[in-house]
Amino acid sequence: MGIRVTQPGLLTTVQDLGRTKGLAQGFSPSGVMDQWSAIQGNLLVNNVENEAVLEYSILGPTVTFSTPAVIAVTGGVVNAKLNGTQIHENQAIEVNSEDVLEIGPLTQGRYGYLAVSGGLQVDSILASKATSLRYGLGGFKGRALKTGDFLATVEPKPVIAEPEKRKIAVSSHYTDQTVSIRVTEGPQFAQFEAETITAFTNQQFKISKNADRMGLRLEGQPLSVANVPEMLSEATVAGGIQVPKNGQPIVLMADRQTTGGYPVIGVVASVDLPTIAQLVPGQVVRFKMISLTQSQQALADQKAQLKQIKQTFDALNPKVSRKTATKISRLFR
Amino acid sequence: MDEYKLYPAGDCAINVTFSNRVDPQINRSIQQLQENLRSMQQTGITGFVPAFRTLTVFYDPILVTFEQLKRVIHQASLKASTLQTQAIRIVHIPVCYGKDFGPDLKNVANHAKLTPREVVKRHCQPNYLIYMLGFLPGFVYLGGLDPQLATPRLATPRLKIEPGAVGIAGEQTGIYPIESPGGWQIIGQTPLRLFQPDQDEPFYYHAGDYIHFDPVSDFEYQQIKKMVDEGHYQVYIETRKVTEDGDSSDTAGITDDGSGSGKN
């Protein structure tokens, strides 16, 4: 039992929080672009944070459920309809057999998520269900979904009490014309000239059309790398801001290669990665340097916020904890 | 251990950065540091990515602070080497060179002003050190190519290179573990299936291991391929002890006469 794809949308893939175990062997982490929204989706339907969800971009899919489930639509703003009736985002919703969910185009943001109670049943490779499109690996047959695909879900439907009470406030940053993004110093920060650093933090950069799951190319006054020495390739990190020879920075995202040889001027704070991931071409960012301590404190605050959401939801579901639900669902795999 | 500097790489990773050169000795320091850190089982360390001159340590800042991690890395760098008493691994990759398997062997031979036979002989000579993996899953950055075999990339990259293709690009040599577009001069093909997604260890090798190419005939290629397909081909992985005074030698302590060798 599961989900039948009747219209695939654009770039709809199975993703979790990434194939982080394979980095040293050259596996791109892949995984969702906006971890905050994906985790919210999973918490709404009582899944573990790392459970696989469907990620779509620009246009969401239309799917038919062949079994009852609890779902949540999170991330970029859409006009999702269940059997023709509009449903709320960031809200747990019960669906029945033969229900049709039409997600439609994103009106704000770049990536949206569909989480399903119990998760999506695809094989794990190196402990991850993430799809790496570049080499056709993981997720559902290593590719984006097509019409007619059938994704297995957990049977029977996990028990979730009072789904209507499971909701989270929707993000509001999607429409901001200029978005402030916090960054810490990159590993090659000290090799850039003072004027280049000033140029990096004092100007606005536009998200270019060449922005995808691999990286976001930015447009602005070129940053000088003339005096930055050539470097040997080293590991890349999520949100690393590379400056290639042409001086137009690239922010490395989920489908990045694991190693790179361009100097990294800054790294996007982990808490701001979901924000920058959701920007559409033409939107503008301004980078704000913060200390490592500030960046890690912000991350700790975000984790505390998630914990609070979890506790609120767990209080709604006292009889079946998330752990127990996962254990039960494993029995049926 | 060689001197290093620490640079944060965002709020969840730290680069342990050694001298800025491609050097087997530095690679050993990186492998040794990784091994020592692993054995310390520090809570909060989530992974390692070794590269030419860096070991990137990924961590969860909720579980271990940057300052704690700095101290742990310092301790690990002081710990007596565990690797020096260990053996190194040489993974033998059978390769059928030339003809349809290596359409660019003639290019390389012409560029090197050698016969194709001599190119193959020289390509099969070294134990190539795996400095790091990157670009694609299982793609090795190898050191030790005979400089005379260095050949520029193809002017027009191929849209599709088969998994198992062995090639040369500039001063690098390597294998394509999975299908990919690419501009490498393809000189041969291995019958091995390098990527085994259903295994816990999807590749036969890691950074710090060595690769040796063993030339095989067309007939042997087909035989090995059949065994691989049937699932009973045993990849030959040789282990050798690292020599005491080998630290400065080109292959980080192993020599081609097999001193101290313990084949398995």
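Predicted model: local features only at pLDDT ≥ 70, side-chain atom pairs only at ≥ 80, totals over all residues.
Q: OK, and how many residue pairs are in polar contact between chain A and chain B?
A: Between chain A and chain B there are seven residue pairs in polar contact, counting pairs in which both residues are at pLDDT 80 or more.

Q: Which elements of chain A supply at least two residues each to the side that touches chain B?
A: Those elements are β12 (178-185), β15 (234-235) and α4 (292-316) of chain A, and α4(A) gives the most to that side, with six residues.

Q: What classes of residue does the side of chain A that touches chain B have?
A: That side of chain A has 16 nonpolar residues, 12 polar residues and five charged residues.

Q: How many residues are in contact, and what area do the chains bury between them?
A: On the chain A side 33 residues are in contact with 40 residues of chain B, and the two chains bury about 2900 Å² between them, with 64% of that area on carbon and sulfur atoms. In chain A, the residues that lose the most area to chain B are A:Q25, A:L232 and A:Q296, which together make up 21% of what that side buries.

Q: Switching to pockets, what is the volume of the largest pocket, and which residues lie nearest its centre?
A: The largest pocket has a volume of about 1300 Å³ and is lined by 47 residues, of which A:L17, A:T20, A:Q35, A:S270 and B:C12 lie nearest the centre.

Q: Which elements give two or more residues to that lining?
A: From chain A they are α1 (35-44), β19 (264-268), α3 (273-277) and α4, and from chain B they are β3 (45-50) and β4 (54-59). The largest share of this lining, four residues, comes from α4(A), the helix that also gives the most to the side of chain A that touches chain B.

Q: How do the residues of that lining divide?
A: The lining of the largest pocket divides into 28 nonpolar, 12 polar and seven charged residues.

Q: And what about the second largest pocket?
A: About 810 Å³ of space lies in the second largest pocket, which is lined by 37 residues, and the closest to its centre are B:Q31, B:Q34, B:R38, B:H206 and B:A207.

Q: Which element gives the most to the lining there?
A: That is α1(B), with seven residues, and the lining of the second largest pocket divides into 19 nonpolar, 10 polar and eight charged residues.

Notes
Residues numbered from 1 in each chain as written. Chains lettered and ligands numbered in written order. Heavy atoms only, no water. Contact = heavy atoms within 4.5 Å. Buried area = accessible area lost by both parts, 1.4 Å probe. Polar contact = N/O pair within 3.5 Å; in protein donor to acceptor, adjacent residues only side chain to side chain. Nonpolar A, V, L, I, M, F, W, Y, C, P; charged D, E, K, R; others polar. 1 Å grid on protein atoms, 1.4 Å probe; cavity = no way out; pocket = protein on both sides within 12 Å on 5 of 7 lines; lining within 4 Å. Points joined across faces, edges and corners; volume = space filled by probe spheres on them.
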